[in-house]
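User: Hi! Could you take a close look at one part of this model for me, and then work outward to the rest of what you can describe?
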Amino acid sequence: MISLTLKNRRALSVLSITIVLALYLVFLTWRSSSFIDVWPLEGIFWETVAVIVAISLLSYLLFDSRASIIIPLIIQAFLVVVLPVLKYPNTLNITGPWDSTAHYSFAEWIIVNGRVDTAGILFYSDQYGYHPGNGIIPASLSLLSSITLGWSMNIVLIVIYTGYILFILAALKSVGWLKSESIDIRRSLWLLAIITLSIPLPVYYGGVEIGYIYAGGILYAFIRLMKRKEDVFKSIILVLVIFWGLLITHFSTAVIMLAYMLIIVSMLITAKLFSKTGIPEITPKVMIPTFIMLSAFVIYEIYSDVFLFTGVTRGTIRILYSLYIREIQVAKTAMETRGLSFWDLVQYLVSYYAKTIIVLSLIFIHTIWLSIRWRSLNHDEKMLALLLFASYSTWMIGWAGVGSFLTGARAFSLICFLLLVSLGITYEKLYVFLTKSSRFAFPLFLIVLGFVANFGFPFMPVIRADDETYTYATFSQGGFSDYILHPVVYVSSYVSGSRFLCLSPYTTFGLCDMMWQTPRIPRHGSITPPGVLSPEGVIEVMRNYLDRQAIVPQPLRDRLIRAPIGYYSLYKKPFCFLLGSGKGLIYDNGVYTLFLV
């Protein structure tokens, strides 16, 4: 009778979660739009909060065990990917007109041609032609399952995040946490809050995101390798196999992971040389896979594309040497040209880099607290703390990859994994004053905050220029309209002689990369007007290509792609310039046009 009651309770909870999720997805479809908002959660915020809270609580009622943590985390990963796709639908069924559409083009090329492009036809050929796993994986899923390529990319992204979460929980179990089947609701909600706050889940598909599951697998095997005295050979083989998968899938994540392993080896050797106690039983177990990884990396890069490696190395050294930080450049330009206040800049950074700021704050607080309470930590807690501290230097590599300190996203998969494991096994000891005194409402608030922060915050400042007020969409706003996608397909299908001007923000490098048969200006990437974006800057770029047999894109309104929202002169003045120049209008769908100049 007790077993039957338990089964009935769980069946009812599963049914309740399914109904809540299904109703929410229907609601998203109902609220779908061809025009983007400043913030992806605009108009659906409170409904989203209700769903996250309901699923968190229902999951505990369903299992009151480890599954009560796993289920809501998987659903969160699912919603992060699916929410913007359903709210801003397009023919491709993806979001992100930059990396996502370029990766879509890369994968579609594999499907159509049956091979990987290494000849430089596509934007990512030089980077991923020799590390093609990010294109082969969704392409293979699409071919084998008959699912459209766009949805295959979304499914791959959900699986990546799910695998990463499961590796984190497996690592927590391997260090002696989460071993018991039963778990009380306070512990369940707090662990949910910690994981939700600490894991940045990018909204759209890119090369960095696919590295998450590989980084999680390597770190899990690495922690198990350092923890166990038996099955050492199996752990080493697991590390090497996963690293090989990472190496042929995403270059920069492989560089970061290898750099981290070398840092750990250096620390262990230093400790062995200068410490009387030393850790001789751990050092060989770490050195063996690290040097095999290093050898495999060097041999593969020399064989495949040594020019990519040398180019990335030079770029990294140059950025670090010049201490280039994009945020400082943006702030300086905004304050000088648009007269923004310091508070406006704070709003911009918080809105644009919400999850990054939360993660950096957690890192800072946890590092300080670990240092203060170091003597109270046991051996495993100290070991994981040292592993976490060693990972901080990899942020420099992630920063150097893009020149933007706050993105640092290329190192997130590594640092956040170790941060979570360290927080997971120490939060009840280090933050007992918080976890014991707070009610259920506070961890629920943190869960909602962590989920929502993946989409940024709707605090973008209002900018005044040219007698208009406008704002920008958040970084996570990757929606784009079919009104801008259809012209790209039209040009690619019917025009092959004239060159297409890839002019940002009217189009993007990702969308232009889908024009396989159309010559482009530039061949890869896109042109951004110099200085602060203005109608005059756009017109000046257009003027340089008049009478050169070029196709110039010109939207008639905002909200078609992530660009200034409310800045109507940015669209009206260049359109009037093209009309006044007597150039030919070759495409018009009512909100987006193409001119032959």
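Analyst: Happy to. Let's begin inside the protein, where the largest cavity holds about 50 Å³ of space. A cavity here is a set of points on a 1 Å grid over the protein atoms alone, where a 1.4 Å probe fits but cannot get out; points are joined across faces, edges and corners, and the volume is what probe spheres set on them fill. By that rule, there are four cavities of 30 Å³ or more.

Before going further, please keep in mind that this is a predicted model, in which local features need pLDDT of at least 70 and side-chain atom pairs count only at pLDDT 80 or more, while totals for chains, interfaces and linings use all residues. Numbering runs from 1 along each chain as its sequence is written, and side-chain values use heavy atoms, with hydrogens and water left out.

Back to the largest cavity: its lining (residues with an atom within 4 Å of a point) consists of L73, Q76, I165, I195, T196, I199, L201, K355 and N454. Helices α3 (67-87) and α8 (185-198) each contribute at least two of the lining residues. Helices (H or I, at least four residues) and strands (E, at least two) are DSSP runs numbered from the N terminus. Sorted by class, the lining has five nonpolar residues, three polar ones and one charged one. In this scheme Asp, Glu, Lys and Arg are charged, Ala, Val, Leu, Ile, Met, Phe, Trp, Tyr, Cys and Pro are nonpolar, and the others, Gly among them, are polar.

Among the elements, α7 has the highest mean at 94, whereas helix α13 (residues 306-322) has the lowest at 60. Where pLDDT is low, the predicted coordinates should not be read in detail.

Now to the sheet. Five strands form an open sheet with mixed pairing, in the order β4-β3-β5-β7-β6. The edges are taken by β4 and β6, each with a single partner strand, so one side of each has no neighbour in the sheet. Two strands pair if DSSP finds at least two bridges between them. Strand β7 (residues 592-596) has four of its five residues buried, so the rest of the structure largely encloses it. Buried means under 20% relative accessible area, exposed over 50%, and partly exposed in between, using a 1.4 Å probe and protein chains only.

On one side, β7 pairs with β5 in the antiparallel sense over five bridges, and V552 has F595 in β7 as its bridge partner. β7 also pairs with β6 (residues 584-588), again antiparallel, over four bridges. Here L585 is bridged to F595 in β7, while D588 stands opposite T593 in β7. Three residues separate β6 from β7 in a hairpin, and G590 in its turn has a positive phi of about 105 degrees.

The one disulfide (a pair of cysteine sulfur atoms within 2.5 Å) joins C502 and C512, with 2.3 Å between the sulfur atoms. The link is left-handed, with -130 degrees about the S-S bond. C502 sits in the loop between β3 and α23 and C512 in helix α23, so the pair ties together parts that are ten residues apart in sequence. Both C502 and C512 are buried. Among other cysteines, C416 counts as buried because its relative accessibility is 1%, whereas C576 is partly exposed at 42%.

The loop between β3 (499-501) and α23 (509-512) also contains P505, and the peptide bond from S504 to P505 is cis, with omega near 10 degrees. A cis bond also joins I521 and P522, where omega is about -5 degrees; P522 lies in the loop between β4 (520-521) and α24 (535-543).

Finally, a look at backbone angles. S146, though not a glycine, has a positive phi of about 65 degrees. S146 lies in the loop between α6 (133-145) and α7 (149-174) and counts as exposed because its relative accessibility is 70%. Q549, also a residue other than glycine, has a positive phi near 55 degrees. Q549 is placed in the loop between α24 and β5 (550-555) and, at 46% relative accessibility, counts as partly exposed.

Key: pLDDT = per-residue confidence, 0-100. 1 Å grid on protein atoms, 1.4 Å probe; cavity = no way out; pocket = protein on both sides within 12 Å on 5 of 7 lines; lining within 4 Å.
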